[in-house]
Amino acid sequence: MKVKKYTAPTMPDAMKQVRKELGEAAVILNSKEKNSRGLLGLFKKKSIEVIAAVDPQPIKQSPKTSLQKEKEFKRSSFAIKDSQPDKSVKTDQELLNEIRELKAELNQTEGKKNYPSPLDSIYLKLEKQGISHKLINEMMDDLLTEYYSNGKINDSSHYMKMIKNILYEKLQDATDFKLSEHIKTVYLFGPTGVGKTTTVAKLAADQAINQGKNVGLITLDTYRIAAVEQLKTYAKILGLPVEVAYNKDDFERAREKFSDQDLILVDTAGRNFKKDEYINQMKQFVNFTEEDALFCVLSLTTKEQDLKEIYSRFHDLSVNNVILTKIDETSQYGPIINLWDQYQFKIAYLTTGQDVPNDIERPTSKRLTDMIAGETR
């Protein structure tokens, strides 16, 4: 039995490939739409992915003479009705039918599906990590193809390597962030309690100490007196200038004062993300330009549904970069890939703890893959 995957722009194109290589006897095990990046990674293209199989050695019957046909007809007229075929050995065609029935069963069920034993253990592990059923089932299609086309390998570690390769490829796009040289001002948005002020201090230390830039700090978080004092304390320790902006005029004066700085970091107010007035106020408060970089700060201790709501709110401000905080306070990292799969943002930094400037890092595809797959803490 031969199992193979095909990718084409449309289903008719995919079927042409299947018929050309596998013939008319091929069985379609699964098909789904896929999105791929287009020119320069700016445009997405849709394609169809088809998994097909065929019996490479079908049973061939030699041409029969008229005499043979006549004898067979006579034998069939007097056949013993109680005779039963030998069912102890399954043909490749019967195995293909079993696969097809299994795929039909899987496609009809929602949530947890019934997979062969070594694949089922992988499913449960990914589910425990909080990865969505949608994404798990998409990855399991590749594992099913491998399972049935490569002798039903019973080693779950073999399939776990495949899962990590799939995640690694997905996350390469997510981790190729770079703060461009033309960026003048960096804004950090997010709800209360995600660690924006501490993250601003960590970024300031990194840019000033490690990158050798002249950095200025502006805080708009005047709703919390403690936030202003906290940033001033960090600024004093780092030897960086800081300004407090209570309104739009204050903010414009602060930006003008820091016009000679290489980089300006802005700590925005942490507010209730469910209220539209905060987002609307920020749109009126700042005239964003191409020299601005906008980051959404998300805590991994936040419930996944809230993470989605938070990002969707700030996404209205054209935020397309994310900083993930408090990764040391959870052991479930599946929501990262779930959220990224929906919004395709750049994951710029990961933060742990309160230590400035040490508890911040640039993520790599391998680092995130190990976290999401439950291979590291």
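**Figure 1. Strand β5 and its two covered faces.** In this predicted model, strand β5 is covered on both of its faces: Val215, Leu217 and Thr219 lie on one side, Gly216 and Ile218 lie on the other, and all of these residues are buried. In a regular strand, side chains alternate between the two faces of the sheet. Because 5 of the 5 residues of β5 (residues 215–219) are buried, the strand is largely enclosed by the rest of the structure. Strand β5 pairs with strand β7 (residues 263–267) in the parallel sense over 5 bridges. Within this pairing, Thr219 has Asp267 of β7 as its bridge partner. Strand β5 is also joined to β6 by 3 bridges, and these two strands run parallel. Here the bridge partner of Ile218 is Glu243 in β6.

**Figure 2. The open sheet of 8 strands.** The sheet is open, its pairing is mixed, and its strands follow the order β6-β5-β7-β4-β8-β9-β10-β11. Strands β6 (242–244) and β11 (360–361) stand at the edges; each has a single partner strand, so one side of each is left without a neighbour in the sheet. Strands of a sheet pair through backbone hydrogen bonds, and they may do so in a parallel or an antiparallel manner. Of its 377 residues, 43% count as buried. Among contacts between residues at least 6 apart in sequence, 72% join residues at least 24 apart.

**Figure 3. Strand β9 between β8 and β10.** In the order of the sheet, β9 stands between β8 and β10. Strand β8 (residues 292–299) pairs with β9 in the parallel sense over 5 bridges, and Phe295 stands opposite Asn321 in β9. Strand β9 (residues 321–325) is joined to strand β10 (residues 346–351) by 4 bridges, and these strands also run parallel. In this pairing, Ile323 stands opposite Tyr349 in β10. Asn321, Ile323 and Thr325 point one way from β9, while Val322 and Leu324 point the other way, and all are buried. With 5 of its 5 residues buried, β9 is therefore largely enclosed by the rest of the structure.

Figure 4. Leu179 is placed in the loop between α6 and β4 (185–189). Is Leu179 buried or exposed? Its relative accessible area is 15%, so Leu179 is buried, since the cut-off for a buried residue is under 20%. Leaving aside residues up to four places away in sequence, Leu179 touches Val186, Gln207, Leu263, Ala293 and Phe295. The C-alpha atoms of Leu179 and Ala348 are separated by 8.7 Å, although the two residues are 169 residues apart along the chain.

Figure 5. Helix α5 (residues 133–149) has 17 residues and reaches 24 Å from its first C-alpha to its last, close to the 24 Å expected at 1.5 Å a residue. Because 13 of the 17 residues of α5 are buried, this helix is largely enclosed by the rest of the structure. Gly151, which follows α5, has a positive phi near 75 degrees. Helix α6 (residues 156–174) has 19 residues, and its reach of 27 Å from first C-alpha to last is close to the 27 Å expected at 1.5 Å a residue. The buried residues in α6 include Tyr159, Met160, Met162, Ile163, Ile166, Leu167, Leu171 and Ala174. Among the elements that cover the buried residues of α6 are α4 (117–128), α5, α12, β10 and α13 (365–372).

**Figure 6. The crossing of helices α11 and α12.** The axes of helix α11 (residues 304–315) and helix α12 (residues 334–343) come within 10 Å and cross at roughly 35 degrees. This crossing is right-handed. Which residues make the contact? Helix α11 contributes Glu304, Leu307, Lys308, Tyr311, Ser312 and His315, and helix α12 contributes Pro335, Asn338, Leu339, Gln342 and Tyr343. By class, the contact of α11 with α12 has 5 nonpolar, 4 polar and 2 charged residues. Helix α12 is mostly covered, with 7 of its 10 residues buried. These buried residues are Gly334, Pro335, Ile336, Ile337, Asn338, Leu339 and Trp340. After α12 comes Gln344, whose phi is positive, near 55 degrees.

Methods
Residues numbered from 1 in each chain as written. Predicted model: local features only at pLDDT ≥ 70, side-chain atom pairs only at ≥ 80, totals over all residues. Heavy atoms only, no water. Expected span 1.5 Å × (residues − 1). Buried < 20%, exposed > 50% of the residue type's maximum accessible area, 1.4 Å probe, protein only. Pairing = 2+ DSSP bridges. Axes fitted to C-alpha atoms, helices over the stretch in contact; angles between N-to-C directions. Left-handed = near helix turned anticlockwise from the far one by under 90°. Contact = heavy atoms within 4.5 Å. Nonpolar A, V, L, I, M, F, W, Y, C, P; charged D, E, K, R; others polar.
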